[in-house]
Amino acid sequence: MIINNLTTEELSAIAEIEVASNILRLTTRLTNMRFAAISKITDTHWVACAVHDELQFGLRVGDELLIEATLCSKLREGGKAIVIEHASLDPVFSEHPLPKYHGFESYISLPIVFADGTFFGTLCALDALPRKLENPETMELLNIFTRLISTTLDLQRRNT
């Protein structure tokens, strides 16, 4: 059964990551941002798998955005983390319509990739206020989080 581009197995696996809510809460604490999510990305949609929302951003588990309405599409194409500390001052993103449309100044997104190289989605966070994000220790911890998520999902995928 597929619900909003998420299979029942994927939803169960994410729910079984007992620490998923803790990962998202820690992501917000590490980055000082108030919204974090684990997403699945398809060719056409960004789907919220798990959400921690102190910002009142308004997305819930299962909610979808068109891929064009996200910066995660760029991450899927390039495979590298996207880090924006202050969108309105950023040389690349100051004129980009999405930060203004979604109302964020700071944004970070890291790929969730299975061991075989298959792209699943992202661990992302954002805030309406600018935040200092270019910190090697923070990036290392966030990369550990994405590996934990991908390993758990990959094990589930192989066992179904």
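The secondary structure of the protein chain comprises five helices and eight strands. The model is a predicted one. Along the sequence, the elements of the protein chain follow the pattern β-β-α-α-β-β-β-α-β-α-β-β-α. The protein chain has 160 residues, of which 49% count as buried. Among its contacts between residues at least 6 apart in sequence, 58% join residues at least 24 apart.

Six of the strands form an open sheet with antiparallel pairing, in the order E5-E4-E3-E8-E7-E6. Strand E5 (64–66) and E6 are the edge strands, each pairing on one side only. Direction ignored, neighbouring strands of this sheet are turned by 25° against each other on average. Within the sheet, seven bridges link E3 and E4 in the antiparallel sense. Phe35 stands opposite Asp53, a residue of E4.

Two helices are described here in relation to the strands. H2 packs on the sheet and touches E3, E4, strand E7 (106–113) and E8. The direction of H2 makes about 125° with that of E3. Helix H5 (residues 136–158) lies across E3, E6, E7 and E8, and runs at about 40° to E7.

The geometry of H2 can be checked against its length. Helix H2 has 12 residues (residues 20–31), and at 1.5 Å a residue these should span 16 Å; the end C-alpha atoms are 16 Å apart, which agrees. The buried residues of H2, those under 20% relative accessible area, are Ala20, Ile23, Leu24, Thr27, Thr28 and Thr31. These residues cover an arc of only 135° around the axis, and therefore lie on the same side of H2. An α-helix has 3.6 residues a turn, so residues three or four places apart point the same way. H2 is followed by Asn32, which has a positive phi, near 65°.

The interior was examined next. In soluble globular proteins, nonpolar side chains tend to be buried together. In the present model the largest nonpolar core contains 22 residues, of which Trp46, Leu71, Ile82, Ile84 and Tyr107 touch the most other members. At least two residues of this core are supplied by each of strand E3 (35–41), strand E4 (45–53), helix H3 (72–78), strand E6 (82–84) and strand E8 (119–127). Leaving aside neighbours within four places in sequence, Leu71 is in contact with Ile82, Ile84, Phe93, His96, Leu98, Phe104 and Tyr107.

How values were computed:
Residues are numbered from 1 along each chain as its sequence is written. This is a predicted model: local features need pLDDT of at least 70, side-chain atom pairs count only at pLDDT 80 or more; totals for chains, interfaces and linings use all residues. Side-chain values use heavy atoms; hydrogens and water are left out. Helices (H or I, at least four residues) and strands (E, at least two) are DSSP runs, numbered from the N terminus. The expected span of a helix is 1.5 Å times one less than its number of residues. Buried means under 20% relative accessible area, exposed over 50%, partly exposed in between (1.4 Å probe, protein chains only). The arc is that of the directions from the helix axis to the C-beta atoms. A nonpolar core is a set of buried Ala, Val, Leu, Ile, Met, Phe, Trp, Tyr and Cys residues joined through side-chain atoms within 4.5 Å. Contact means heavy atoms within 4.5 Å. Two strands pair if DSSP finds at least two bridges between them. Axes are lines fitted to C-alpha atoms, for helices over the stretch in contact, and angles run from 0 to 180 degrees between N-to-C directions.
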